[in-house]
Amino acid sequence: MVVAMASCALGAHLSNAILKASETRVSSGFFIRGAKCFSIFHQRKLLSAATTITPRASTSTVEDASQSENDTVPTPVVIIDQDSDPDATVVEITFGDRLGALLDTMNALKNLGLNVVKANVFLDSSGKHNKFAITKADTGRKVDDPELLEAIRLTIINNLIEYHPESSAQLAMGAAFGIVPPKQQIDVDIATHIRINDDGPNRSLLSVETADRPGLLVDLVKIITDISVAVQSGEFDTEGLLAKAKFHVSYKDKPISKPLQLVLANSLRYFLRRPFTEESSF
């Protein structure tokens, strides 16, 4: 019952994040040129697909959830990568050795209007990595809408909390939706760091590290594009309580100048308002 209520609560935040994103102005490259927003009907359709799926957890998932309290709970990691594959959005999920085949997550993504065109699993010292290449079902192309990318991220996190309740203590959204909230206070203990560096002759690299929350990906893109900076591509990582974003950005197809870097950093700093903001590039 608690998990079901958490799922519904996350669905409400997902709805707010998507509806808020309908005002986002996006630019060329990473996101579609010009203002491209879902209709209210389509937004609700996405929300329904993300929150009404109730696949049965596998036996291994149930066993994972009931492991001894003495076990060290690994840090959940969700990576949305727009750089490594020119034709698909790559999603990677890691939660130590506790993830199964993730069939529930793949079904949830399909119900968002997406195709999983390929998937693979590999192991390293940090655990089992599940990687999916995703395209939009209607176009066969990679996902380039920030609100849909955020819906993908929140859907995956929702499934993590539902099928691995122990992950809620490691996730920022576990404070509102999980059975066990994180020990750290998200708005007090998690600092914000912003860095901007040149990344070749035509673009700069913007790195943002801050406390995670619903709608963050969409809001970051809006702040960047509101000052006429173009987002060409990027990667958005959710690592436990942290959100780590890397965006390749430019202004009129050139790297961002120092004065514009300061404007961008100040805009992000004001919006995020965390305990400390690194200013290493100024």
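E150 has a relative accessibility of 1%, so it counts as buried, the cut-off being under 20%. Keep in mind that this is a predicted model. The side chain of E150 meets that of R153 in a salt bridge, with N to O at 2.9 Å. R153 is buried as well, at 0% relative accessible area. Both residues sit in helix α5, and because they are 3 residues apart there, about one helical turn separates them. The pair also belongs to a network of salt bridges that links E150, R153 and D212.

Now the other salt bridges. The search of the whole structure finds 10. One of them joins E166 to R98, and the closest N and O atoms are 3.2 Å apart.

Next, E239 and K244. Their side chains form a salt bridge at 3.1 Å, N to O. Here E239 is partly exposed, with 26% relative accessibility, and K244 is partly exposed at 28%.

Last, helix α9, residues 258-272. How far apart are its end C-alpha atoms? They are 21 Å apart, which agrees with the 21 Å that 15 residues should span at 1.5 Å a residue. The buried residues in α9 are L260, Q261, L264, A265, L268, R269 and L272. After the helix comes R273, with a positive phi near 45 degrees.

Notes
Residues numbered from 1 in each chain as written. Predicted model: local features only at pLDDT ≥ 70, side-chain atom pairs only at ≥ 80, totals over all residues. Heavy atoms only, no water. Helix = DSSP H or I, 4+ residues; strand = E, 2+ residues; numbered from the N terminus. Expected span 1.5 Å × (residues − 1). Buried < 20%, exposed > 50% of the residue type's maximum accessible area, 1.4 Å probe, protein only. Salt bridge = Lys/Arg side-chain N within 4 Å of Asp/Glu carboxyl O.
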